[in-house]
Amino acid sequence: MKTIGLYIHVPFCRHACPYCDFYKFELRDRPASLRLGFLETVAAELRLLLARHPHLRERKLATVYFGGGTPSTLHPGRFRRFLDQVFSEFPHREDSLEVTLEANPENLTAARCRQWQDAGVNRLSIGVQSFHAGDLELLERLHAPETIHRAVENARGAGISNYSIDLMFALPGQTMEAWMDNLRQAVGLVPRHISLYGLTWHEGTPFHRHLAGGRLATAPEDLEADMFLGASEFLRDHGFEHYEVSNYALPESRSVHNQRYWTGADVLPLGPGAHGNLGNNRWANPDDIDAWNGAIGRGVLPGAPLDDPPADVLLAERIYTRLRRSDGISRMSDPDLHGACVRWLETLDGEERQRWVVADGERLQLTPEGWLLLDPIVDKIMTLT
Amino acid sequence: MESRIRNFCIIAHIDHGKSTLADRLLEMTGTMTQRQMREQVLDSLDLERERGITIKAQAVRLFHRGKDGQVYQLNLIDTPGHVDFTYEVSRSLAACEGALLIVDATQGVEAQTLANVYLALENDLEIIPVINKIDLPASDVDEARRQITESVGLDGDSAFTVSAKTGFGCEELLQGIIDRIPPPTIEVTTPLRALIFDAVYDNFRGVICYVRVRDGAIKKGDKIRFMRLGHDFEVTELGILTPAQVPMDELNCGEVGYVIAGIRTLEDVRVGDTITHAKRPAEKALPGYKEAMPVVFAGLYPVNADDYDGLKAAIEKLRLNDAAFHVEVETSDALGFGFRCGFLGLLHMEIIQERLEREHNQNLLYTAPSVVYRVTMTNGDVIKVDNPSKLPAPQVIDLIEEPYVDARIFFPKEFVGQVLSLCQGKKGIQREMSFISPERVMVHYEFPLSEILSDFHDKLKSATSGYASFDYELSDYREGKMVKMDILVNGEPVDALSVIVHREDSAYKGRLLCKKLKEIVPRQMYAVAIQAAIGGKVIARETVSALRKDVTAKCYGGDISRKRKLLEKQKEGKKRMKQFGKIEIPQDAFMAVLRLSDD
């Protein structure tokens, strides 16, 4: 039976981080009613979607993921009702159904953790970013280093033992030592999963303006590369599998939902600014909560399909997402992708191959050093298709 | 009726108001109503409108009632004003008996004013000086008259004063055209001879020839012969240009119009050829044109080898009405199969490249332009080299000569210092310097053509805040101590990047070129060593270090949508990148040699 995943984009934040370019807005800027009625509207959107694609009800629900924004700004009391509505739409569910909530440490009080757990949330993705007060201040995060430890204790106390920790590296002024210390502290919290993101300077963000204005500087490229490779080595030494460019997991603890993105599995997008796909058809909801609310109020689906890309772009996209994973590309299951990669492989000399690729005849994977060059590697492969 | 025909053109320095005057004449003669007018109707190529210049000659027929109460047919043939298009100008002039010479009352005589006057005199045209822009507060009509008399050698007192913008004086000018420009000599009884002064290709109707009937007359249904190849066709349509094509039954002696004869083969038509009747052919073709001499050569290559045939077809279509555009097949080790193309100048080259890309949808790579060197071999043979990579080995070369130009530069006196030091830096030899007015200076210099090919015009403009005008013509070939400088990318010479330089500059230019290329070649997965070498000896080196990290951190729902768009964009961007083994070199790299300035 085919499976399905749900992504719910929650665009509310207490304070917008200056580096983030996802669709979001600060709570104080909009009426509270928007937040109170939000999950009800999401449930209505899901019903509209399923009315359009009735066959999807027969799918086996595998994952539900609340991302944002800051989903943990929504009151946990509303989650139970929402998840019950979701479950009633999908009679078939994986035994291992994964329900993830992205949460900021300052929102993870003991009481709230219990309520989320009770509603059905069984995985937390905690936005730690750094254990150092200076970094947190620069990133304009609302939590202090000690808040992180309490948050993790609360989650565990509520019975949520499956939690992931997000950290950021290549921050302005961050040293290799400070970065390695962050990793040691993270491992000390016994997470099953860790995500490490190099700071990206997205256009349109305050950070990008500071960069252009010379008030902030990017980390040296060599340092960023060393941080990436150092982290990979350190976490692998501590039993984590580096299973995707930015993701590490203990055995049997990979993010089920996120793997759907890298394997092209279907994900239904819900909420303003959410993106998803059914097969190769991708679509996106508007980055505008009023437009989104309005459409659903009128009984219309708010999403718009993305342009139909040419076949080679689709191929490149598949290669790009598959190669992000340590599982790489298999000749058996994706002969076209494998063939394109092999053509590239043939252009490499022995040393380059050893540095970037692990390949036998059946499977082709990138090494962490290869991952560092993933974007140009995919460009190269694309020129060979 | 024939005696009431006047064929004329307008010649002017760029921006002196030629197109505006043409528009006004069209409007005043009722050829176009105000409502039909768009600004500068005669500039019809997109590029012409964008750049505000005329590239291709155009023709249009006006009717005007003269003071004697008779209606006159005035055929206006528009001409380009830029130095590169002198050849186009001469084509138009050959179809006329007279020319209006426009001088901007606020600027006075400029470099191209002179160049165009010389051409008109060569073609034996009656020149009517016209002082334009007299409505502007800065205009100085008396000074303009003085300069026309003293610098150009025409009668400045007989000049018409007009404002093409407001229409002031244009009525008098129209009468002046009737009075002062001689009517064409009418030879109705002699066999047909019509000069093709332009041609365009129309996908539906085939080749459209723009002609001036010199002798006899041409009718619809006539069997005509193109005298160069002797091929015959039947006229399916002919007519006049208003400037839209208006079909007529015949074109008479002295008239200007278009002819369509179901011609599909581009080779059959050459601008400058003569059309005659198949049944009663003329004995001799009209003199036609001096072969245009391309002075700048560059390689044109399709980015994708598969597009070679498409590029070839596009080039053929462009050549049809641009005989000055020379083309030969060429191969490059680095770029594959392509074309060696000759142009009248840099602007001509840019225009052709842009037209190929825009109008014909080609993705091009082109190499840096080169002049034509004359190389005497040790065995006495003399060869011409227009592609640096084809320069023979130094041991078999006796001497190399390079083309020189005579250049005239007009500019306000306060820029004398800047202009002279710029000229000196370009190896200029000063021949003359004079004041054409109390405020304006004219200098006459000789330059190696290669020196003014690169950024000379831009530098001149910035040195004089845009107030200088500049014109040049080829003068002669002179011996130069030239060497070929090769560029090696990761140890492999890239023939398309080779340049010929003066030996004394080679060390310096080698360093600059490597530095420039380092800026242009993007960092990639491999370190890229860029070396300049002369005769196998490396004289400069730069390294583009290998990229260490280029990976998108997050790749979830919205990130994948974004990546998809990026991949599509990249595919477009790739069009301009050429693959050399593992290294990608962007188009800009081939032009780097043109921008070797110190700043």
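Colleague: Leaving aside its neighbours within four places in sequence, with which residues is Gln175(B) in contact?
Modeller: This is a predicted model. Neighbours of Gln175(B) within four places in sequence are left aside here. What remains in contact with the residue is Gly66(B) and Lys67(B).

Colleague: Is Gln175(B) buried or exposed?
Modeller: Gln175(B) has its place in helix 6 of chain B, residues 170–180. The cut-off for buried is under 20% relative accessible area. Gln175(B) has a relative accessibility of 11%, so the residue counts as buried.

Colleague: What is the relative accessible area of Val213(B)?
Modeller: Val213(B) belongs to strand 8 of chain B, which covers residues 206–215. Beyond the four places on either side in sequence, the contacts of Val213(B) include Leu192(B), Ile218(B), Leu251(B) and Cys253(B). Val213(B) is buried, and its relative accessible area is 0%.

Colleague: How far apart in space are Val213(B) and Thr276(B), C-alpha to C-alpha?
Modeller: In sequence, Val213(B) and Thr276(B) are 63 residues apart. In space, C-alpha to C-alpha, the distance between Val213(B) and Thr276(B) is 9.8 Å.

Colleague: What share of the contacts in chain B with a separation of 6 or more comes from residues 24 or more positions apart?
Modeller: Chain B contains 14 helices and 33 strands. Of its 599 residues, 57% count as buried. Among contacts in chain B with a separation of 6 or more, the share from residues 24 or more positions apart is 70%.

Colleague: Which parts of chain B does the pair of Phe456(B) and Phe470(B) tie together?
Modeller: Over all chains there are 25 aromatic pairs. In one of them, Phe456(B) and Phe470(B) are 5.0 Å apart centre to centre, with 55 degrees between the planes, and the pair is tilted. Phe456(B) is buried at 0% relative accessible area, and Phe470(B) is buried at 4%. The two residues are 14 residues apart in sequence, so their pair ties together helix 11 (residues 456–463) and strand 26 (residues 469–479) of chain B.

Colleague: Are helix 13 and helix 16 of chain A roughly parallel or roughly perpendicular?
Modeller: Helix 13 (residues 335–345) and helix 16 (residues 374–384) of chain A have axes 9 Å apart and pack at an angle of about 100 degrees. Angles of 65 to 115 degrees fall in one class. Helix 13 and helix 16 of chain A are therefore roughly perpendicular.

Colleague: How many residues in the contact of helix 13 with helix 16 of chain A are charged?
Modeller: On the helix 13 side of chain A, the contact has Ala340(A), Cys341(A), Arg343(A) and Trp344(A). They meet Ile377(A), Lys380(A), Ile381(A) and Leu384(A) in helix 16 of chain A. Six residues of the contact are nonpolar and none is polar, while the number of charged ones is two.

Colleague: Which strands are the edge strands of the open sheet of three strands in chain A?
Modeller: The strand order in this sheet of chain A is 15-17-16, with antiparallel pairing. An edge strand pairs on one side only, and in chain A these are strand 15 (329–330) and strand 16 (357–359).

Colleague: What angle does helix 13 of chain A make with the direction of strand 17 of chain A?
Modeller: Strand 15 and strand 17 (residues 363–366) of chain A are joined by two bridges, and Ile329(A) stands opposite Leu364(A). Helix 13 of chain A packs on the sheet and touches strand 15, strand 16 and strand 17 of chain A. With the direction of strand 17 of chain A, the direction of helix 13 makes about 60 degrees.

Terms used. Residues numbered from 1 in each chain as written. Chains lettered and ligands numbered in written order. Predicted model: local features only at pLDDT ≥ 70, side-chain atom pairs only at ≥ 80, totals over all residues. Heavy atoms only, no water. Helix = DSSP H or I, 4+ residues; strand = E, 2+ residues; numbered from the N terminus. Buried < 20%, exposed > 50% of the residue type's maximum accessible area, 1.4 Å probe, protein only. Contact = heavy atoms within 4.5 Å. Axes fitted to C-alpha atoms, helices over the stretch in contact; angles between N-to-C directions. Parallel < 35°, antiparallel > 145°, perpendicular 65-115°, else oblique. Nonpolar A, V, L, I, M, F, W, Y, C, P; charged D, E, K, R; others polar. Pairing = 2+ DSSP bridges. Phe/Tyr/Trp six-rings, centres within 6.5 Å; stacked < 30°, edge-to-face > 60°.
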